[in-house]
Amino acid sequence: MQFSFEISRAHPAMPGHFPGAPIVPAVVLIEHLVRGLEQATGKPVTNIRQLRLLRPIEPGKRIDVECQEKASDTWRLVCAVAGKPVAKGILTSQQLQFGSGRRPVYDPSKYQSAQAVGEQLPHAGAMQLIKEFALIENGAQTRAVITDNHPLVDKDGLSAWATLEYAAQLMACRKLSMGGEPMSRAVIVLVRALKRYTGESMPVEGELMVEVTEEVAQPGAVQCAFSAVYGKEVIATGEFLVVSES
């Protein structure tokens, strides 16, 4: 089974990811992979067991995807650009119940503006998703209202997959607020797990809360776990690895 797609240079996420040298955000790639696989199989994708991002993908390039069925609800995918592998992973349509976890409590007194640390991030414009955040034990928390000019919103709203980008930027904000070096680039290179507990998108003006915790850190890299809550439900959880350059 095969399918192909191209992520346009005109995608609203590209100008801010990153200015002057745009690369496709992991969540944008994930959304296209999920859409293509769902169209090819007729089954909803709920779970990424693993996704390795082998090299940056420039917008405007055709991405060819080879799919191998491992089970009736599990597929191994290999993505290539011009014949060179750029990503590979395992996606499933296994039915998931809503995620477990507590709903973060929003305490304005513990929050700080992300403006200062945002100036030290490689993201720009609307792709700077974190407006405010609070430090928590070994991690950080943010609250966000989904706006109609959000670069990851489509006609249906914001997908649960997109919360991965919030988590990655939130961890970067935490690192910078604690004295980390400004980043010229920061990219997700491995999604160890990513579960979407709802197929419904979050509408504009909806409120999202995300918490991320640091699991393993070393110079230039950090492995994290996160959960995202919309309303009273955990809508996504995951683990990922980010590498950064100063």
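Is R196 buried or exposed in this predicted model? At 12% relative accessibility, R196 counts as buried, a term for residues under 20% relative accessible area, with exposed for those over 50% and partly exposed in between (1.4 Å probe, protein chains only). In this predicted model, local features need pLDDT of at least 70 and side-chain atom pairs count only at pLDDT 80 or more, whereas totals for chains, interfaces and linings use all residues. Residues are numbered from 1 along each chain as its sequence is written, and side-chain values use heavy atoms, without hydrogens and water.

**View 1. R196 and E38 meet in a salt bridge.** The N to O distance is 3.2 Å; a salt bridge places a side-chain nitrogen of Lys or Arg within 4 Å of a carboxyl oxygen of Asp or Glu. Because R196 lies in strand 9 (residues 185-196) and E38 in helix 1 (residues 26-41), the pair ties together parts 158 residues apart in sequence. Helices (H or I, at least four residues) and strands (E, at least two) are DSSP runs, numbered from the N terminus. E38 is partly exposed, at 25% relative accessibility.

**View 2. R143 forms a salt bridge with E207.** Their closest N and O atoms are 3.3 Å apart. R143 belongs to strand 8 (residues 139-145) and E207 to strand 10 (residues 207-218), so the pair ties together parts 64 residues apart in sequence. E132, R143 and E207 are linked in a network of salt bridges.

**View 3. R174 forms a salt bridge with E214.** R174 and E214 are both buried. R174 lies in helix 3 and E214 in strand 10, so this pair ties together parts 40 residues apart in sequence.
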